[in-house]
Amino acid sequence: MAKYKDARRLVPVNPVTLVGGGGEYSDFQEVTALLKRNALEDKCTADSLYEEDNSVECAKEVWNYLRAVMYNRRNKMNPLWNDLVVAGFHIEGATKVPFLGLVDKIGTSYEDNVVATGFGSYLALPILREKWRPDLEEGEARALMEDCLRVLFYRDCRALNRIQIAKATSDGVLVSEPYEIDTSWDAASFVSPKGGLEGDGGW
């Protein structure tokens, strides 16, 4: 929301996993604290220093864990009011395979090539499905994400044009610092009076 200008919703969980969350911000903070506690516990309970290096959970394991957490909280009638996106890599054999999955507030989960939460699932997802292709370059993917976020900004009176973008590669994860995307209010539908009324449409 525009009231909070630096509420960051993209968190690197470990070197191969990113988590992003829409919904209640305090619940998202609880989810990230839970993931950090689990990572610390894994390190502290490793049998040796050598196993400690290999104890990082892959993205699919984090996604499955969050599915169980969200479903458990829903069954206790005390849900975490978030939709969570998990991105990164998981190991199949000796290779790292890209992963993208979503978990909602009642524990429903799925994997797909493109996912979105909240308002984005109505407005951004159709754009992503139309323009996404497996061989997108990083610059093209960034431009597509910025176009989707620009559309969402135009249609949400409580939003800011200040965004963050993250990426997960086989070498690690990276979350950008917040930055502002360019916007334009010169479109005829923004300029012309609505409903044939003069003025700004107010009382």
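Which residues do ring pairs link into a cluster? Some notes on that and a few other things, bearing in mind that this is a predicted model.

1. The cluster. Ring pairs join F153, Y154 and W185. For context, searching the whole structure turns up four aromatic pairs.

2. F153 with Y154. This pair comes out as tilted, with 40° between the planes and 6.1 Å centre to centre. As for solvent, F153 is buried, because its relative accessibility is 14% and the cut-off for buried is under 20%.

3. W185 has a relative accessible area of 43%, so it counts as partly exposed.

4. A charge over a ring. Have a look at K105 too: its charged end sits over the ring of W81, 5.1 Å from the ring's centre.

5. Confidence. Mean pLDDT for the protein is 88, and 89% of the residues reach 70 or more. Going by element, helix α2 (residues 49-53) has the lowest mean pLDDT, at 51. Strand β5 (residues 109-111) has the highest, at 97.

Conventions
Residues are numbered from 1 along each chain as its sequence is written. This is a predicted model: local features need pLDDT of at least 70, side-chain atom pairs count only at pLDDT 80 or more; totals for chains, interfaces and linings use all residues. Side-chain values use heavy atoms; hydrogens and water are left out. Rings of Phe, Tyr and Trp (its six-membered ring) pair if their centres lie within 6.5 Å; planes under 30 degrees apart count as stacked, over 60 as edge-to-face and the rest as tilted. Buried means under 20% relative accessible area, exposed over 50%, partly exposed in between (1.4 Å probe, protein chains only). A charge sits over a ring if NZ of Lys or CZ of Arg is within 6 Å of the ring centre and within 35 degrees of the ring normal. pLDDT is the predictor's confidence in each residue, from 0 to 100. Helices (H or I, at least four residues) and strands (E, at least two) are DSSP runs, numbered from the N terminus.
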